[in-house]
Structures are given as structure tokens and as C-alpha cells.
Amino acid sequence: PNGRPDEPVPTPAGQAAHEQAFSLAGRLALVTGGGSGIGLEIARCMTQAGATVIITGRREEVLKDARQALGARAQYLVNDVCDLASLEGLIEQIESTYGPLDVLVNNAGINMKKPALQVSDEEFARIIHTNLNAVFALTRACARRMVERRRGVILMISSMAAYYGIDRVVAYAASKSAVEGMVKVLASEFSAHGVRVNALAPGFIETEMSRTAMNSDPDRKSRALRRTPMGSFGQPEDIGRAAVFLASDAARYITGASLPVDGGNSIGF
Ligand code: NDP
């Protein structure tokens with residue numbers, strides 16, 4: 001209806017091929033930290049694209065509500081990604097209950113805003129443990145099986161803090177930069193085994209995490225908006241739709257990439 005009358009329209013077969021390329025029908029995905037914020041919207045978009053999605057997190061009430069909101073295609077499991085010894089068992093439990101995992105989204109993450117000189121070893125280690133060590137351990141547990149099956153997609157949720165010097169997030173930036181490095185190595189090692197590995201790098205997205213950071217500094221919100229060419233913050237759904245694309249066959253030739261979803265922040269400050 002939007003095309004000009006003399007333009008050729010896609011054939012039903014062409015349209016079906018297009019829809020199939022972007023569809024996640026029949027796929028099984030695991031989204032860590034999927035009970036809230038960006039993870040919840042990634043899970044929602046993936047179920048809307050046809051996937052069955054397992055969400056994890058530490059708080060059962062949050063996961064229960066999220067599962068309710070997501071509907072029958074979602075399930076939840078309580079799991080703390082920082083408990084590295086639990087992660088092989090988590091994947092085993094998911095695969096023996098629901099079948100082989102097609103997609104892993106390493107979304108769970110924490111942040112803390114503090115000037116570098118005030119960050120203790122414990123605080124630094126806690127952020128690195130959650131955002132980096134746990135991501136590697138879970139990815140290894142999952143990828144071992146994906147490589148064997150010669151099929152799978154792994155997504156990391158990075159941050160523009162990996163690209164730019166943003167004040168007061170020293171441990172967070174270190175963890176996300178390391179994840180970006182890991183994406184390239186894993187993509188290289190797994191590309192011959194049918195497993196793709198990519199990162200999504202969100203800009204300022206409105207969630208509990210970013211609200212906490214904004215509220216801790218009254219000027220930060222206006223500064224953040226000034227630095228965003230599109231002039232508004234992103235919504236968790238914006239990351240969700242991009243995650244569906246990268247997980248789908250439409251992105252079958254994309255690996256080792258980091259995709260900014262940031263309203264133009266990455267054009268440069
Ligand atoms: P939220 O704080 O809103 O959500 C984080 C989620 O991760 C929660 O569901 C939390 O659940 C879960 N989580 C935290 N620690 C653990 C753990 N140890 N084990 C299991 N689950 C855990 O954050 P966002 O949605 O904003 O962030 C999601 C991802 O996006 C993070 O990796 C973040 O770094 C990244 N990101 C966010 C940006 C933003 O602007 N919001 C910008 C750039 C990147 P629970 O506490 O119940 O365990």
C-alpha cells in the first residue's frame with residue numbers, strides 16, 4: 001500500500017523467505033538477567049520472534065512476574081552467574097529439559113559510579129567477576145555444546161563505556177572492553193564450527209541501572225542527551241529488536257562484530 005502502483009510487489013514466496021530469515025521460530029534462547037531492564041525486553045522480542053526463552057536472575061519474585069508478562073513461551077530459572085561452579089549445571093538442566101540451546105545472551109551485568117581513586121579492590125573485583133569472569137564461564141559451558149552441534153549464536157551486551165572514556169566507571173569500562181576483545185577471539189575460534197559471536201553496545205537506555213546512574217548526578221542526564229545526536233534515550237526494546245536480528249539467520253554472515261545501538265553516540269562526543 002505504501003509503494004507506487006507501478007512498482008513490482010514482493011511475491012508471497014519472497015515475503016515468506018524474508019520473514020523466515022528474521023524469525024526465531026523453533027529456537028531456544030537463554031537470556032541472563034532476563035527478569036528486568038534490557039534483558040526482559042530482549043526476552044520479550046525473542047518470544048515475539050517465535051523463540052522459547054529461558055530467563056535467569058537472582059530474585060525469584062522478579063523472574064516470576066517477568067515470566068507472567070512474557071507468556072507461555074518463556075520459562076525462568078533462579079541462577080546467580082557469579083556462582084561459576086553452577087553454570088555447567090545450568091546449561092545441562094536447560095538442555096535436558098528444553099532441548100539444545102540455539103542462542104545465549106550474556107546480558108546480566110552490574111555497574112557502579114565512583115571516581116577511580118575511590119574504588120576498592122573488592123568493588124573492582126565484584127564488577128569484573130559479574131561482567132567478565134561469569135560471561136566467559138557461561139559462554140564456555142554453552143559454546144562447547146554449540147561447537148559440537150555446529151550451530152549457535154552468542155551475544156554479549158557490551159556498552160559504549162568500552163569505546164569511550166566515561167568518567168567514574170573504571171571497572172565497568174574495563175569489563176566491557178574485555179568482553180569486546182573476547183568477542184573477536186571467540187568469533188575467530190568458533191567461525192569454522194558454525195557458531196557466531198557478536199556484541200551489542202547500547203548507549204543510554206532507560207532502565208533501572210541507567211536511572212540510578214542519572215539520579216546520582218543531576219547534570220548527567222542533560223549531558224547525556226547533549227551527547228546523543230538523536231536527542232533522546234533509547235528504550236530496552238531497541239536493544240531487544242537488534243538482538244533478534246543478530247540472533248536470526250538474517251545475520252548469518254555477521255560474526256565478531258560490535259553493533260552500537262545508541263542514537264548516534266558512537267559518531268563521536
Ligand atoms: P538492570 O540493572 O536493569 O538489570 C540487570 C539484570 O541483571 C537484572 O535482571 C538482574 O537481576 C540481573 N543480574 C545482575 N547480577 C546478576 C547475577 N549475578 N546473576 C544473575 N543475574 C544478575 O540493568 P540493564 O538492563 O540496564 O543492563 C543490562 C545489560 O545491559 C548489562 O550488561 C549492562 O551493562 C548493559 N548496558 C546497559 C546500559 C543502560 O543504559 N541501561 C547501557 C550499556 C550497557 P537480579 O538482580 O534479580 O539478579
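Guide: In the unreviewed UniProt entry, the annotation "domain: Ketoreductase" covers residues 27-203; UniProt positions are given in the numbering used here, feature names are shortened, and annotations may be inferred rather than shown by experiment. The model is predicted: local features need pLDDT of at least 70, side-chain atom pairs count only at pLDDT 80 or more, and totals for chains, interfaces and linings use all residues. Residues are numbered from 1 along each chain as its sequence is written.

The span 27-203 is 48% helix and 19% strand, and its end C-alpha atoms lie 28 Å apart. Helices (H or I, at least four residues) and strands (E, at least two) are DSSP runs, numbered from the N terminus.

Consider helix H5 (residues 121-149) and helix H6 (residues 170-190), whose axes come within 9 Å and cross at roughly 15°. Axes are lines fitted to C-alpha atoms, for helices over the stretch in contact, and angles run from 0 to 180 degrees between N-to-C directions. H5 and H6 are therefore roughly parallel to each other; angles under 35 degrees count as roughly parallel, over 145 as roughly antiparallel, 65 to 115 as roughly perpendicular and the rest as oblique. Their crossing is right-handed, that is, the near helix is turned clockwise from the far one by less than a right angle. Among the contacting residues are Phe124, Ile128 and Phe136 of H5 and Tyr172, Val179 and Phe190 of H6, where contact requires C-beta atoms, placed from the backbone, to lie within 7 Å. By class, this contact has 16 nonpolar, three polar and two charged residues. Ala, Val, Leu, Ile, Met, Phe, Trp, Tyr, Cys and Pro count as nonpolar, Asp, Glu, Lys and Arg as charged, and the others, Gly among them, as polar.

H5 also meets helix H4 (residues 87-98), their axes coming within 8 Å and crossing at roughly 40°. H4 and H5 are therefore oblique to each other, and the crossing is again right-handed. Leu87, Glu88, Ile91 and Glu95 of H4 make this contact with Ala137, Leu138, Ala141, Cys142 and Arg145 of H5. It comprises six nonpolar, no polar and three charged residues.

Helix H2 (residues 37-48) packs with helix H9 (residues 236-247) at an angle of about 50°, with their axes 8 Å apart. H2 and H9 are therefore oblique to each other. H2 passes H9 in a right-handed crossing, and the contact has ten nonpolar, two polar and four charged residues.

Methods: Contact = placed C-beta atoms within 7 Å.
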